[in-house]
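Trainee: Before we look at the model, I would like to ask what lies behind the terms in its description. Can we take the terms as they come up?

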Amino acid sequence: MARHLVLDCDGRARTDGEALAPVDGEHAAGRLARNPGFLAARFTSVAATVSNRALAPFGLRTRSYSLVELAAASGGLSQREVGRILALDKAHVVRLVDQVVEMGLVVRERDPRDGRAWLIRATPKGDAVARKAGQALDDAYSLLLGPLSTDEISAAMTALQKLAFAIEVPDHEV
């Protein structure tokens, strides 16, 4: 059986219910604790793990959930728009859409404005799963971000949104 390392809200690490010594990651990381790329990558890894665990009961992972949520929230968007928003290349978008279509959560429809393009729309099942999975993610992130104050969470979200949406992948890569 695989053993998993879990970080509690109080900063203590445990594995399979066994308490371990407190982790002073900031001290141990040295200069990396001030490196935005390292910090973003580390938080991304933790957040992806939390997300994937919360999404597992719905048969989803972070990317598949993101596609279903985009399709549900937008009412339908092109594969090109999906790639731009999720920062994925065309081949990854096609595989992701194929996977989620097979699950019955989204459908491809010809774009009435451009017959060459496909729109990705959520099915009724996809809309329901997006709502339930979104709530599961909210609950999981509430626990993960528990050590932060409401003001700290708000400031972090504002900064992340500015960074995430200020950076665009060039069209030739999507």
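Mentor: Contact means that heavy atoms lie within 4.5 Å. This is a predicted model, in which local features need pLDDT of at least 70 and side-chain atom pairs count only at pLDDT 80 or more, while totals for chains, interfaces and linings use all residues. Residues are numbered from 1 along each chain as its sequence is written, and side-chain values use heavy atoms, with hydrogens and water left out.

Trainee: Which residues does Thr123 touch, not counting residues up to four places away in sequence?

Mentor: Thr123 touches Gly104, Leu105, Val106 and Val107. Thr123 itself sits in the loop between S6 and H6.

Trainee: What makes Thr123 buried?

Mentor: Buried means under 20% relative accessible area, exposed means over 50%, and partly exposed is in between, with a 1.4 Å probe and protein chains only. Thr123 has a relative accessible area of 13%, so Thr123 counts as buried. Over the chain of 174 residues, buried residues make up 24%.

Trainee: What makes something a helix or a strand here, and how many of each are there in the chain?

Mentor: Both are DSSP runs numbered from the N terminus: helices are H or I with at least four residues, strands E with at least two. The chain has seven helices and six strands. Along the sequence their pattern is β-β-β-α-α-α-β-α-α-β-β-α-α.

Trainee: Which residues of H6 are buried, and why are they said to be on the same side of H6?

Mentor: The buried residues of H6 are Gly126, Val129, Ala130, Ala133, Gly134, Leu137 and Ala140. They cover an arc of only 135° around the axis, so they are on the same side of H6. The arc is that of the directions from the helix axis to the C-beta atoms. On the other side of H6, Pro124, Arg131, Lys132 and Leu143 are exposed. The buried residues of H6 pack against H2, H3 and strand S6 (114-122).

Trainee: What are the buried residues of H2, and why do they line one face of the helix?

Mentor: In H2 the buried residues are Ala47, Ser51, Asn52, Ala54 and Leu55. Seen down the axis of H2, they fall within an arc of 145°, so they line one face. These buried residues of H2 pack against H3 and H6.

Trainee: Why is Ala56 called partly exposed?

Mentor: Ala56 has a relative accessible area of 48%, so it is partly exposed. Ala56 lies in the loop between H2 and H3. Its C-alpha atom is separated by 9.2 Å from that of Ala133, 77 residues apart along the chain.

Trainee: Where is Ala87 found, and what is its phi?

Mentor: Ala87 is found in the loop between H4 and helix H5 (90-102). Its phi is near 55°, a positive value in a residue other than glycine. Most residues other than glycine have a negative phi. Ala87 is partly exposed, with a relative accessible area of 47%.

Trainee: What makes a space a pocket, and how much space lies in the largest pocket?

Mentor: On a 1 Å grid over the protein atoms alone, a pocket is an open set of points where a 1.4 Å probe fits, with protein on both sides within 12 Å along at least five of seven lines; lining residues have an atom within 4 Å of a point. The largest pocket holds about 1900 Å³. Of its 37 lining residues, the closest to its centre are Thr44, Tyr141, Leu160, Ala164 and Phe165. Two or more lining residues come from each of H2 (36-55), H3 (62-74), H4 (79-86), H6 (124-144) and H7 (150-166). H7 gives the largest share, nine residues.

Note on methods: Points joined across faces, edges and corners; volume = space filled by probe spheres on them.
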